[in-house]
Amino acid sequence: MQQTQIGFLIYPDVIQLDVTAAYQVLAFPPQTSLHLIAKTTAPLKSNEGLILQPTVTLDDCPPLDVICVPGGGLGQLKVIQDPDCLDFLRHQSTTSQYVTSVCTGSLILAAAGLLQGYRATTHYLFRDQLALLGVEVVPERVVIDRNRVTGAGVTSGLDFGLTLLSLLYGETTAQMAQLMMEYSPKPPFAGTPETAAPEAVAALMQAGQPLMEAFLKQTQATAIQLKQAT
């Protein structure tokens, strides 16, 4: 049985659930082979302190059927500036069946020039920044545009993974995976700014301001670089 090769680009400060939520879903079919790709195979620490073990390097990664880029904390800014990572994504995208991201991983894809001309989504705090990079941003949990599949913030990795699974293997397989995980969410609190308590939204915006400002500075620089390259 031919294996479907699926790879996640990981890096120091990556958001672990951006990786592991989709990984959990996509590992369900026995015919998938999953890779955690990094510049080296040295263990790295996620934004939350979880240690992740890369399984293959950029140089040794096989051709992928699906390439997925998760979002991260401040460490993501180094990836956006890293020509090796961006070249790797460009190279893999030429043969991958699906080029995908979760959360702010979309900013990395856009920095590599792989989302311009496509509809895509990202974490709601960073929609404006993705638009600055020439991407048509859609405020939906999962967006499919031809062979680009993007998920919104963090937990959308589950929905993203199930959507991708249905594209690869059909709805029955995706439904089986969802049933196996008993994924039938009834969250105790609202998880979007449109439905959450105003005081919770305000507190989160204040806490996240330094990160958003750091990302914006890099996004503006990336936008200039992309314009100069055209």
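These legends accompany several views of one predicted model.

Figure 1. Along the principal axes, the C-alpha atoms fill a box of roughly 50 × 45 × 35 Å. Of the 230 residues, 49% count as buried. The accessible surface of the chain comes to about 11,300 Å². Carbon and sulfur atoms hold 56% of that surface. Contacts were also sorted by distance along the sequence. Among contacts with a separation of 6 or more, 66% join residues 24 or more positions apart.

**Figure 2. The largest pocket, with a volume of about 940 Å³.** The lining of this pocket holds 38 residues. Nearest the centre lie H123, Y124, G153, T155 and G191. Two elements give two or more residues each to the lining: α6 (156–169) and α8 (198–229). Helix α8 provides the largest share, with 7 residues. By type, the lining residues divide into 23 nonpolar, 10 polar and 5 charged.

**Figure 3. The second largest pocket, with about 220 Å³ of space.** This pocket is lined by 16 residues. I10, Y11, P12, K39 and V79 are the closest to its centre. The lining divides into 11 nonpolar, 2 polar and 3 charged residues.

**Figure 4. Helix α1 and the elements it packs against.** Helix α1 spans residues 16–26. Which residues of α1 are buried? They are D18, V19, A21, A22, V25 and L26. These buried residues pack against three strands: β1 (4–9), β2 (32–38) and β7 (98–102). They also pack against helix α6.

**Figure 5. P30, in the loop between α1 and β2.** Is P30 buried or exposed? The relative accessible area of P30 is 68%. The cut-off for exposed is over 50%, so P30 counts as exposed. Now look for Q3. P30 and Q3 are 27 residues apart in sequence. In space, their C-alpha atoms are 8.3 Å apart.

**Figure 6. C103, in the loop between β7 and α4 (105–111).** The relative accessible area of C103 is 5%. Buried means under 20%, so C103 is buried. The backbone deserves a look too. Most residues other than glycine have a negative phi. Phi of C103 is near 60 degrees, a positive value.

**Figure 7. R146, in the loop between β10 (142–145) and β11 (148–151).** Phi of R146 is near 55 degrees. That is a positive value in a residue other than glycine. How does the side of the surface look here? R146 has 54% relative accessibility. The cut-off for exposed is over 50%, so R146 counts as exposed. Which residues does R146 contact, leaving aside neighbours within four places in sequence? The contacts are Y98, G117 and Y118. R119 can also be found in this view. R146 and R119 are 27 residues apart along the chain. The C-alpha atoms of R146 and R119 are separated by 9.2 Å.

**Figure 8. T222, a residue of helix α8.** Is T222 buried or exposed? T222 has a relative accessible area of 4%. Buried means under 20%, so T222 is buried. What does T222 touch, not counting residues up to four places away in sequence? T222 touches I80, A111 and L133. One of these, A111, falls within the range of α4 (105–111).

Conventions. Residues are numbered from 1 along each chain as its sequence is written. This is a predicted model: local features need pLDDT of at least 70, side-chain atom pairs count only at pLDDT 80 or more; totals for chains, interfaces and linings use all residues. Side-chain values use heavy atoms; hydrogens and water are left out. On a 1 Å grid over the protein atoms alone, a cavity is a set of points where a 1.4 Å probe fits but cannot get out, and a pocket is an open set with protein on both sides within 12 Å along at least five of seven lines; lining residues have an atom within 4 Å of a point. Grid points are joined across faces, edges and corners, and a volume is the space filled by probe spheres set on the points. Helices (H or I, at least four residues) and strands (E, at least two) are DSSP runs, numbered from the N terminus. Ala, Val, Leu, Ile, Met, Phe, Trp, Tyr, Cys and Pro count as nonpolar, Asp, Glu, Lys and Arg as charged, and the others, Gly among them, as polar. Buried means under 20% relative accessible area, exposed over 50%, partly exposed in between (1.4 Å probe, protein chains only). Contact means heavy atoms within 4.5 Å. Accessible areas come from the Shrake-Rupley method with a 1.4 Å probe; for residues, only the protein chains shown count as cover.
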